[in-house]
Amino acid sequence: MNPLNPHEYWMQKALDQAVRAYDEDEVPVGAIVIAGNPAEGGQVVGEGYNQREQLNDPTAHAEMIAITQAAEALGSWRLEGCTLYVTLEPCPMCAGAIVQARVPTLVYGTTDLKAGACESLYTICSDDRLNHQTTILSGVLAADAKALLQQFFAEKRALGKK
């Protein structure tokens, strides 16, 4: 790991998951959950990529899969002491899961102006009316995450697919 840029290091791991989604013709979003301090190495306890098409499951977002894996690995639904890295700003469903799982830190790549629920359209993760708030760091490797998404959708448009 590059000790000077731990968030970039871990975000690259999330981008690797997004590439898996891309390769499987899924919207290329990837996520990982790190237990412990990311700057001191941490440990991957959950990872995921979008699998809505494969699983025919509207909840099969990268974040949901990574959070579920992390909870199982840690033997607790409370992901206190964890950091979630995701390539795209989470949607309302995923932001709600982040709050429910008590994830203390969210690091994401690019914003989602159409469905982002952490900073763009809504502020679910930092809403002080809820029982938990998450610290958010956005824009980590944003250009890489955005480029992958743009390439995916440009290819879909060229093929005439949704």
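**Close-up 1. Thr-83 and the residues it touches.** Leaving out residues up to four places away in sequence, Thr-83 touches Ile-32, Val-33, Ile-34, Pro-38, Thr-105 and Val-107. The model shown here and in the other views is predicted. Thr-83 sits in strand S3. Its relative accessible area is 5%, so Thr-83 is buried.

**Close-up 2. Glu-63, annotated as an active site.** The "active site" label at Glu-63 comes from UniProt, in an unreviewed entry. Glu-63 belongs to helix H3, which covers residues 62-74. With a relative accessible area of 4%, Glu-63 counts as buried. Which residues is Glu-63 in contact with, leaving aside neighbours within four places in sequence? They are Val-29, Ala-31, Leu-84, Val-86, Leu-88, Pro-90, Cys-91 and Cys-94.

**Close-up 3. Cysteine sulfurs without a disulfide.** Zero disulfides are found in a search of the whole structure. A disulfide here needs two cysteine sulfur atoms within 2.5 Å. For Cys-94, the closest cysteine sulfur is in Cys-91, 3.8 Å away, and therefore too far for a bond. Cys-94 is buried, at a relative accessible area of 0%. For Cys-125, the closest cysteine sulfur is in Cys-118; the separation is 3.5 Å, again too far for a bond. Cys-125 is buried as well, with a relative accessible area of 0%.

**Close-up 4. Helix H4 and its cover.** Helix H4 runs over residues 92-100. Its buried residues are Cys-94, Ala-95, Ala-97, Ile-98 and Val-99. H3, S3 and S4 are among the elements that cover them. After H4 comes Arg-102, with a positive phi near 60 degrees.

Close-up 5. Helix H1 holds 18 residues, 6-23. How far apart are the end C-alpha atoms of H1? They are 26 Å apart, which agrees with the 26 Å that 18 residues should span at 1.5 Å a residue. The buried residues of H1 are Pro-6, Trp-10, Met-11, Ala-14, Leu-15, Gln-17, Ala-18, Ala-21 and Tyr-22. An α-helix has 3.6 residues a turn, so residues three or four places apart point the same way. Asp-25 follows H1, and its phi is positive, near 60 degrees.

**Close-up 6. The largest pocket and its lining.** The volume of the largest pocket is about 660 Å³. Its lining is made up of 21 residues. Val-27, Leu-88, Asp-112, Leu-149 and Phe-153 are the closest of these to the pocket centre. Which element gives the largest share of the lining? H5 does, with five residues.

Close-up 7. UniProt, in an unreviewed entry, lists residues 5-129 as "domain: CMP/dCMP-type deaminase". The end C-alpha atoms of this span lie 33 Å apart.

Methods
Residues numbered from 1 in each chain as written. Predicted model: local features only at pLDDT ≥ 70, side-chain atom pairs only at ≥ 80, totals over all residues. Heavy atoms only, no water. UniProt positions renumbered as here; feature names shortened; annotations may be inferred. Helix = DSSP H or I, 4+ residues; strand = E, 2+ residues; numbered from the N terminus. Buried < 20%, exposed > 50% of the residue type's maximum accessible area, 1.4 Å probe, protein only. Contact = heavy atoms within 4.5 Å. Expected span 1.5 Å × (residues − 1). 1 Å grid on protein atoms, 1.4 Å probe; cavity = no way out; pocket = protein on both sides within 12 Å on 5 of 7 lines; lining within 4 Å. Points joined across faces, edges and corners; volume = space filled by probe spheres on them.
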